Amino acid sequence: MTEVSHGVYHIEGQDEFIPDSHMYVIGLPDSKDLSLVDAGLMGKGEYKIKSVRNLGISLQDVKRIIMTHTHLDHIGCLREIMEHLPHAELWVHEEEAVPLEEGDERGVYGMDMFRSMCMSQYNLQPGAFKFHVTRALKGGETLEIGGISWDVIHIPGHSAGSIALYQPTQKVLIPGDTVYADYSIGRFDLYGADGSALSRSLMRLAELDVGILLPGHNQIVIGVKPGYILDTAKQWAPYLR
Ligand SMILES: [Zn+2]
Ligand SMILES: [Zn+2]
């Protein structure tokens, strides 16, 4: 794990036969107001918590977990993590907050076949991903957290309640699974996905001045070349109608 920008830390996912999302820790350590962005796959909670501690961060200072979206590879170890952070709040976009509160897990698993496979592989019970959401985000908020301000942008398409976090001064973008390195984008065939919405969301992100791209998986990019997201959006546009 490394500090990729001032007050922005990367904890790399440990993929298995299912990917484990990266976790980001945002906030200045002295602020004692830190946030985790995304959790990861089932069984990765201890690793993620240990990695947070290894940054020299006291778990008492972690005030909230913000989800870019609630697919299984991001929310799988949320409960394991929350056991270490009983005081922490959970912030999720309203489109996915409501299903989490109701225990509607269609969006978590994305498809029925995957659901049955994962439930037996990981011995998951129905209701495993029912959570109380402390704050339902809408998009358009500016979060003043940990001594840094982050814009919340609702970017549906990969999932209904996907959000990006954008820090304009440091030009840092955390887009969840919407756009990755190497001109890749998130899949758009799962429950709640929408190809044309994804196309519009990519165009929205393309308006931002991004120097550091911190996606949910694979390579992080420091020194993003100008126009990278626009080029990615244009390449994919014909497939996203
Ligand atoms: Zn996803
Ligand atoms: Zn993912």
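This is a predicted model: local features need pLDDT of at least 70, side-chain atom pairs count only at pLDDT 80 or more; totals for chains, interfaces and linings use all residues.
The chain contains 8 helices and 13 strands. Its radius of gyration is 17 Å, close to the 18 Å that the globule rule gives for 241 residues, so the chain is as compact as a globular protein of that length. Along the principal axes, the C-alpha atoms fill a box of roughly 45 × 40 × 30 Å. Of the 241 residues, 45% count as buried. Among contacts with a separation of 6 or more, 67% are made by residues 24 or more positions apart.

An open sheet is formed by 7 strands, arranged in the order β1-β2-β3-β4-β5-β6-β7, and the pairing within this sheet is mixed. Its edges are β1 (2-5) and β7 (135-137), each of which pairs on one side only. On average, and with direction ignored, neighbouring strands of the sheet are turned by 25 degrees against each other. In general, strands of a sheet pair through backbone hydrogen bonds, in either the parallel or the antiparallel sense.

Both senses of pairing occur around strand β4. Strands β3 and β4 run antiparallel and are joined by 3 bridges, with V25 standing opposite L36 in β4. By contrast, β4 and β5 run parallel and are joined by 4 bridges; here the bridge partner of L34 is V62 in β5. Strand β4, helix α1 (residues 45-54) and β5 together make a right-handed β-α-β unit. In a regular strand, the side chains alternate between the two faces of the sheet. Strand β4 (residues 34-37) is covered on both faces: L34 and L36 are buried on one side, and S35 and V37 are buried on the other.

The parallel arrangement is also found between β5 (residues 62-66) and β6 (residues 89-93), which pair over 3 bridges. Within this pair, R64 has E89 of β6 as its bridge partner. Helix α4 (residues 94-102) lies across β6 and β7 and runs at about 120 degrees to β6.

Strand β3 (residues 23-26) includes M23. This residue has 27 other C-beta atoms within 10 Å, and it is therefore buried, the cut-off being 20 or more. Although M23 and I11 are 12 residues apart in sequence, their C-alpha atoms are 5.1 Å apart in space. Leaving aside neighbours within four places in sequence, the contacts of M23 comprise I11, L36, V37, D38, A39, G40 and K48.

The largest nonpolar core has 61 residues, and those with the most contacts inside it are Y24, V25, A164 and L173. When neighbours within four places in sequence are again left aside, Y24 is in contact with V8, Y9, H10, V37, I174 and L214.

Helix α6 is followed by N123, whose phi is positive, near 55 degrees.

How values were computed: Residues are numbered from 1 along each chain as its sequence is written. Chains are lettered from A and ligands numbered from 1 in the order in which they are written. A nonpolar core is a set of buried Ala, Val, Leu, Ile, Met, Phe, Trp, Tyr and Cys residues joined through C-beta atoms within 7 Å. A residue is buried if 20 or more other C-beta atoms lie within 10 Å of its own, exposed if 12 or fewer, and partly exposed in between; C-beta atoms are placed from the backbone. Two residues are in contact if their C-beta atoms, placed from the backbone, lie within 7 Å. Two strands pair if DSSP finds at least two bridges between them. Helices (H or I, at least four residues) and strands (E, at least two) are DSSP runs, numbered from the N terminus. Axes are lines fitted to C-alpha atoms, for helices over the stretch in contact, and angles run from 0 to 180 degrees between N-to-C directions. A crossover is right-handed if, with the strands pointing away from the viewer, the path from the first strand over the helix to the second runs clockwise. The radius of gyration is taken over C-alpha atoms; the globule rule is 2.2 Å times the number of residues to the power 0.38.
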